[in-house]
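Let's take a quick tour of this protein model. Have the picture open while you read, and try to find each spot as it comes up.

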Amino acid sequence: MSTSTTEKVGGRKPRWGFIATVLVLGAVVAVGVLALLVDIFTKRTEAQQPYFQVVQLTDTTYDPAVWGQNFPLQYEGWLKTQEMPADEQLLRTPTADDPRTVMAKSKLEADPRLVTMWQGYAFSVEYNEPRGHMYMLEDQRLVKRVTMFKQPGACLNCHASLPEVVNTLGNGDAAAGWAAMNKMPYSEATTYAQHPVGCIDCHDPATMKLRVTRPAFIEGIKEYKASEAGGSVANFDVNTMASAKEMRTYVCAQCHVEYYFAGDEKTLTFPWEKGLTVNDAMAYYDEIGWSDFTHKLTGAPVIKAQHPDFETFSQGVHASAGVTCADCHMPYKREGAAKITDHQVASPMRTNETINTTCLTCHRTSEEEMRARVDTIHNRYEETKNTAFDALDQLIADIVKARENGTDQARIEEAWAYQRQAQFIVDYVTSENSRGFHAPAYTNQILNQATDAARRGQLALLGQTYPPASAPSPAPVPEYTPPPASPTPSPQAPETASAPTTP
Ligand code: HEC
Ligand code: HEC
Ligand code: HEC
Ligand code: HEC
Ligand code: HEC
């Protein structure tokens, strides 16, 4: 190259061969640099947006397989929700009515106290462990609670991909579609459903942003946010006002929550007007006079609780530390240069690798240690639950006996109120799916309350009543004599300022 300068300086005619060489060399370098830039650029965009748009997704792209053409890795994870660990499988011989060869295990067989607690209600006939999302529609269609009892279309709210169903039923008007589906008989409504929860239920097809599609959650979270416990926010609109982090929990809380069907319209409703605790829900149901069934053995009007995973999680330290459902059940994982969200929604404890991609991103310790901590929580939970559940079981047996013995109706009714309370809490806690993990201290606290209620019910049958646990002591308060002036406050100062601890 150095010769080129001298050659030019002479003002001679340009040498075309040389110029061509420079041009070619330059082009090669430029192409090289460009290639490198392109490579860096694609890697970077891949990390943010790991896909090539193969198909145009719209509001009517219902089939997850079509979304899978743009997002093969997420689609693969979604399909994997059909994987079941061997020890969770119940093998069965298929029949004409029920083609399943594998089911989840029965919870009723594992704990017959559930059958006693639900006497007179469909749950006492069949109730199983949950399994992966891919089974949600099939398991609902085939459960005896559906095949032997009349259920409304509202059951579909949390068991199918719904944009297609409600657009069809409402002729494009989603609100009309929801209303029509809810009150339709289940057997009819389910013929409109094709897929378990799909991409379009959690993602906006134009932007891929997370979104909430279920009116029950949109309404429920608005009520909760407006309440004092929720921060007194007026007119909360989840899809425009929730943070990206909150959405990583809210997409799950569309379904993993306690609910009931309100009125003849069978509108799916979440009892969150007073807050998200079990006592807030109970106060709500008492106020509207709601009971799910009359207990067949005792005659008590009682409430059935269903999977309050979000509400329970909300009372724990992970929620207050800003951890989300997705952090533990849909962790990030590396695929080449891209960091993607694992769409195989499942237990984070299933392998050392999943403990690693979830817990260990925050807890700097070993997989074994995390497993041991979860086992400890599960074991303590089982013990506390057994104490409460036995107490409830004994209360039910005692009410049955008392009715046979012609015990005074007033005492029976007092015992019913305690059964209602103990039963709702025990049901709430056993229907919650983490076996105590989502909020260990809170779960044990409310189980303690249930044990207390059950024992009070037994005492009420004997004519003995005590003031509520949270009320101040009935003993007369001794007259207060100020201590002699002292520079340091007495360590035994009476705790008169402390608020009652039980809501
Ligand atoms: C608010 C959402 C929601 C509604 C409404 C709902 N489910 Fe579910 N269902 C869930 C969730 C979440 C699970 C998984 C967690 C669990 O099993 O507790 C589940 C699990 C199930 C299962 C599998 C485990 C079991 O219970 O045996 C069946 C079957 C089922 N539901 C049937 C129904 C029927 C029937 C209805 C209507 C009466 C209904 N569901 C309404 C959310 C819902
Ligand atoms: C449309 C309602 C719906 C949504 C949304 C939903 N789930 Fe589920 N989920 C269910 C149902 C129903 C089942 C039980 C299916 C069955 O047993 O057939 C279930 C099962 C599960 C299970 C048990 C899986 C297993 O392998 O045992 C986990 C864990 C879970 N869901 C977590 C989540 C998380 C986390 C989210 C949010 C990212 C979420 N779900 C969103 C309805 C839903
Ligand atoms: C800090 C981590 C963490 C967070 C956050 C979390 N979970 Fe869990 N979850 C767990 C663990 C641990 C278990 C117990 C799994 C086991 O024992 O295999 C569990 C169990 C479950 C199960 C039962 C799974 C099964 O295999 O039967 C469901 C359903 C569930 N969680 C849903 C949720 C939902 C919905 C949220 C958010 C509202 C949430 N979880 C938030 C860690 C978490
Ligand atoms: C139950 C809700 C749910 C369903 C169903 C679901 N996703 Fe997601 N998806 C999530 C969550 C949560 C994230 C994390 C988003 C965030 O933090 O911003 C996510 C992230 C993504 C992303 C962003 C890139 C990444 O991996 O983080 C893509 C792309 C995606 N999902 C594609 C899909 C496709 C394709 C399907 C259907 C096959 C699907 N999702 C079904 C909840 C869901
Ligand atoms: C995104 C971060 C994050 C993830 C992921 C996470 N944790 Fe935590 N965990 C925390 C924080 C923060 C605390 C509260 C620590 C404190 O206040 O001392 C906590 C507390 C705990 C506690 C004490 C609970 C209590 O009620 O006192 C246990 C046990 C625990 N985590 C287990 C787990 C397990 C098991 C997993 C995985 C399934 C997990 N964590 C995933 C951040 C996380």
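Start at the ligand: 20 residues surround ligand 1, and the closest are Asn128, Arg145, Cys155, Cys158 and His159. Keep in mind that this is a predicted model.

**Around ligand 1**

- Arginine 145 has a polar side-chain atom 2.9 Å from an oxygen atom of ligand 1.
- Glutamine 140 brings an N or O atom of its side chain to 3.3 Å from a nitrogen atom of ligand 1.
- Histidine 307 also reaches a nitrogen atom of ligand 1, with a polar side-chain atom lying 3.3 Å from that nitrogen.
- The elements giving two or more residues to this shell are helix H7 (136–142) and helix H8 (144–147).

**Aromatic rings**

- How many aromatic pairs does the structure hold? There are 19 aromatic pairs.
- Take phenylalanine 217 and tryptophan 272: their ring centres are 5.8 Å apart and their planes sit at 85°, so this pair is edge-to-face.
- Phenylalanine 217 belongs to helix H13 (residues 215–226), while tryptophan 272 is in the loop between strand E4 (267–269) and helix H16 (278–288), so the pair ties together parts that are 55 residues apart in sequence.
- Are these two buried or exposed? Phenylalanine 217 counts as buried because its relative accessibility is 0%, and tryptophan 272 counts as buried at 1%.
- Tyrosine 284 and tyrosine 285 are edge-to-face too, because their ring centres are 5.6 Å apart and their planes are at 75°.
- Tyrosine 284 is buried with a relative accessible area of 8%, and tyrosine 285 is buried at 0% relative accessibility.
- Both tyrosines belong to one aromatic cluster, formed by Tyr260, Tyr284, Tyr285, Trp290, Phe424 and Tyr428.

**A lysine over two rings**

- Which rings does lysine 304 lie over? One is phenylalanine 123, with lysine 304 over its face at 4.3 Å from the ring centre.
- The other is tyrosine 127, where lysine 304 lies over the face at 5.9 Å from the ring centre.

**A buried serine in a loop**

- Where is serine 434? Look in the loop between helix H22 (409–431) and helix H23 (440–461).
- Serine 434 has a relative accessible area of 8%, so this residue is buried.
- A polar atom of the serine 434 side chain lies 2.9 Å from the backbone nitrogen of histidine 438.

Notes. Residues are numbered from 1 along each chain as its sequence is written. Chains are lettered from A and ligands numbered from 1 in the order in which they are written. This is a predicted model: local features need pLDDT of at least 70, side-chain atom pairs count only at pLDDT 80 or more; totals for chains, interfaces and linings use all residues. Side-chain values use heavy atoms; hydrogens and water are left out. Rings of Phe, Tyr and Trp (its six-membered ring) pair if their centres lie within 6.5 Å; planes under 30 degrees apart count as stacked, over 60 as edge-to-face and the rest as tilted. Helices (H or I, at least four residues) and strands (E, at least two) are DSSP runs, numbered from the N terminus. Buried means under 20% relative accessible area, exposed over 50%, partly exposed in between (1.4 Å probe, protein chains only). A charge sits over a ring if NZ of Lys or CZ of Arg is within 6 Å of the ring centre and within 35 degrees of the ring normal. A polar contact is a pair of N or O atoms within 3.5 Å; within protein, one must be able to donate a hydrogen and the other to accept it, and residues adjacent in sequence count only if both atoms are side-chain atoms. A residue is near a molecule or strand if one of its heavy atoms lies within 4 Å of it.
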